[in-house]
Amino acid sequence: MDYRNKTTVTEFILLGFQNEKEVEILLFSAFLLMYMTSLIGNTMIILLVCGDYRLHSPMYFFVANLSFLEVAITSTVVPKMLANTFSLTKAISFVGCLTQSFFYFLLGSTEFFILVVMSFDRYIAICNPLRYAIIMNKQTCILLLLGSYLGAFLSILAPSILTAPLPFCGPNIINHFFCDSGPVLKLVCADIALAELVDFISSAVLLLGSLLFTGVSYMYIIITILRIPSVQGRQKAFSTCVSHITVVTLYYGSSIFIYVRPKKGDVMDVNKFATVLNTIVTPMLNPFIYSLRNKKVKESLKDASSKYISMLINLKPQQ
């Protein structure tokens with residue numbers, strides 16, 4: 001059958017959470033608050049790292065780039081989701097849907113590469129501290145960052161190439177609040193076995209492969225920390241890893257649940273809330289995770305707040 005003549009879908013309908021109006025208003029308010037908190041918090045981390053010389057180190061360089069990715073990912077999904085809450089049609093254009101899906105997975109995949117790089121940074125800092133400055137120099141950090149984006153692009157290239165030309169003949173209703181790969185593939189009016197297989201394999205390789213690398217790094221880190229003679233030294237070394245371990249746990253737990261299951265069954269509602277954890281909750285928590293447990297970030301934030309207050313006081317008499 002020639003499916004090309006039946007490709008009539010020009011837009012998709014995003015069902016979202018399908019609740020009563022009162023519940024939708026409550027969800028809208030909660031998601032908007034979390035989105036704004038995420039934007040403000042992650043932007044604050046970026047500005048602190050860029051503006052404070054005490055944070056000009058490889059670890060904070062990657063933390064700032066992680067914050068940038070958080071802002072980009074949430075902005076790819078959340079604004080449209082919020083707009084659709086009160087929309088009568090809840091529509092997204094065909095091109096807009098594919099574009100949203102592409103950038104969501106590109107940015108999300110980049111995050112996993114960045115998390116791997118951050119575990120490598122902690123490995124060098126703890127297991128090979130005398131050579132840390134030599135190994136993790138500015139050029140290396142930039143190459144690792146560019147490599148993360150390139151690796152993410154290559155990891156989603158095959159699924160994107162297979163999905164883009166597939167025919168969509170209708171229906172056009174996506175049972176999700178954004179254009180996730182699984183719900184979109186269900187609307188294809190052609191054989192999607194190969195596309196689903198490649199999508200699953202690429203997700204499994206990315207998630208489990210990067211998790212394995214991170215796990216091996218932390219295995220060596222733990223062995224090294226246990227060899228430190230003083231309790232204070234062990235606590236200090238481990239404290240530099242706690243924030244990263246927390247973020248890794250949040251990201252990998254929900255992502256593996258969503259994307260690395262051969263038989264996903266009818267658990268779309270569960271997937272929606274797991275995706276909320278990835279796209280809204282974790283980006284909102286990241287600034288708190290990296291600031292509340294980090295002495296340098298707290299000092300930088302305190303100094304920046306003091307300077308801002310002093311500037312306001314100095315400007316007040318002139319008004």
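Met118 touches Phe62, Val63, Leu66, His244 and Tyr290, leaving aside residues up to four places away in sequence, where a contact means heavy atoms within 4.5 Å. This is a predicted model, in which local features need pLDDT of at least 70 and side-chain atom pairs count only at pLDDT 80 or more, whereas totals for chains, interfaces and linings use all residues. Residues are numbered from 1 along each chain as its sequence is written, and side-chain values use heavy atoms, with hydrogens and water left out.

Met118 also belongs to the largest nonpolar core, which has 62 residues and in which Phe31, Met81, Leu115 and Met118 touch the most other members. Such a core is a set of buried Ala, Val, Leu, Ile, Met, Phe, Trp, Tyr and Cys residues joined through side-chain atoms within 4.5 Å; buried means under 20% relative accessible area, exposed over 50% and partly exposed in between, with a 1.4 Å probe and protein chains only. Among the elements that give two or more residues to this core are α1 (21-51), α2 (58-85) and α3 (94-127), and α2 gives the most, with 14 residues. Helices (H or I, at least four residues) and strands (E, at least two) are DSSP runs numbered from the N terminus. Apart from this core lies another, of 16 residues, including Val9, Cys179, Val184 and Val188.

The structure also holds 17 aromatic pairs. Rings of Phe, Tyr and Trp (its six-membered ring) pair if their centres lie within 6.5 Å, and planes under 30 degrees apart count as stacked, over 60 as edge-to-face and the rest as tilted. Two pairs that involve Phe12 are set out here.

| Pair | Centre distance | Plane angle | Class |
|---|---|---|---|
| Phe12 and Phe94 | 5.8 Å | 25° | stacked |
| Phe12 and Phe168 | 5.5 Å | 80° | edge-to-face |

Because Phe12 lies in strand β1 (residues 11-14) and Phe94 in helix α3, their pair ties together parts that are 82 residues apart in sequence. The pair with Phe168, which sits in the loop between α5 and β3 (173-174), links parts of the chain 156 residues apart. Phe12 counts as buried at 0% relative accessibility, and Phe168 is likewise buried at 0%.

Ser155, in helix α5, counts as buried at 18% relative accessibility. A polar atom of the Ser155 side chain lies 2.7 Å from the backbone oxygen of Ala152, and Ser155 touches Ser109, Phe113, Ser202 and Leu206, again not counting residues up to four places away in sequence.

Methods. Polar contact = N/O pair within 3.5 Å; in protein donor to acceptor, adjacent residues only side chain to side chain.
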